[in-house]
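Open the model in your viewer and keep the selection tool at hand.

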Amino acid sequence: MTTHGGFQPVFCTIVPPHILDRLAQHEDSALAGPARRSLEHDAYQRTKRRLTTVLGAPAVAPPAGAAADQPHRTVYDARHTQDLPGRKVREEGSDPGSDASVNRAYAGLGATFELYLKAYGRHSIDGHGLPLDATVHFGEGYDNAFWNGEQMVFGDGDGEVFLDFTIPVDVIGHELTHGVTQHTANLEYFGQSGALNESVSDVFGSLIKQYTLGQTAAEADWLIGAGLLAPRVHGTALRSMKAPGTAYDDPDLGKDPQPATMEHYVRTGRDNGGVHINSGIPNHAFYLAATALGGHSWEKAGQVWYDVLTGGELKQDALFTDFATLTVKAARERFGAGNELQAVQKAWEQVGVRTL
């Protein structure tokens, strides 16, 4: 159940469509072919997600007797088909096998579960022990990973531009956090509310990586998808929260289009109103708040963002200023009128977002 009613028919991918669109037009078939197939896969899954929303997805409950403070993970292998979930290859408590993708997916599901439980007292994605399912080896050279409203799905990448999508743990955390948003604020996936939806996933994806590595805000790289790009690509990741617009600058991918402030906000009808582009603005605000406070980012800045996401006041069609205002309120309510409040206020001021 969501805070604001029924689920939105959201299909969320880690690679923005503008990247795949550009690759699909490339003269080199080794780049264009996988990108076109990936776009076709995404279109099919997006339509399927809408139908599932209309018809209703089957309710999934944790197994009888399952401990609320333990994950219940199942990893499947699609064996390069689009059939979901595929063949079961690893379940909760079983030993690692020889397939690195399976093992990374299993570990990433666990890392996400642990961050939400240990830092925020949340029991899985829905708060009630929802089983965590993932499918690896989806499609042929599929250049994406996604949350379809019920489970995680990972492609292997084409090997030319993208590597295996189970490699970065923050990609796993990002996509699963779309599930958390689905079950809480249920932010609409368009315009500024859609950019907030994407940004929240980047924020907690990054926190999951930092928590797993035991990093402080100063030690973190603040990159989303580091290790995902193949060696030929001129870039370090899909996005940078520290310096939006600098993650890649490549002849094939183009230049990272994310703005860091409202001064460079991008108005477009593509990508659901630029949800993967303008998310750079709230991303940067979080980075500024977290690094100003120092220490472990999930403890203060992350707690404020989590309070807003789950507090029941965030509207489905929230604008940046709505979200920013609620973070200021949450910082004051949880920490008082101290450094935390000042850091949050200043962060939004620096990116040009007003707080009311």
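Start with α3 and helix α4 (residues 169-182): their axes come within 9 Å and cross at roughly 55 degrees. Axes here are lines fitted to C-alpha atoms, for helices over the stretch in contact, and angles run from 0 to 180 degrees between N-to-C directions. Helices are DSSP runs (H or I, at least four residues), numbered from the N terminus. This is a predicted model, where local features need pLDDT of at least 70, side-chain atom pairs count only at pLDDT 80 or more, and totals for chains, interfaces and linings use all residues. Residues are numbered from 1 along each chain as its sequence is written, and side-chain values use heavy atoms, with hydrogens and water left out.

Next, select the contact residues (heavy atoms within 4.5 Å). In α3, pick Arg104, Ala105, Gly108, Leu109, Ala111, Thr112 and Tyr116. They meet Val169, Ile172, Gly173, Leu176, Thr177 and Val180 in α4.

Bring back the rest: 15 of the 21 residues of α3 are buried, so α3 is largely enclosed by the rest of the structure. Buried means under 20% relative accessible area (1.4 Å probe, protein chains only).

Just after α3, click glycine 121, which takes a positive phi of about 70 degrees.

Last stop: helix α7 (residues 280-293) and helix α8 (residues 301-310). They pack at an angle of about 140 degrees, with axes 9 Å apart. Select Phe286, Ala290 and Leu293 in α7; they meet Ala301, Gly302 and Trp305 in α8.

Notes
Buried means under 20% relative accessible area, exposed over 50%, partly exposed in between (1.4 Å probe, protein chains only). Helices (H or I, at least four residues) and strands (E, at least two) are DSSP runs, numbered from the N terminus.
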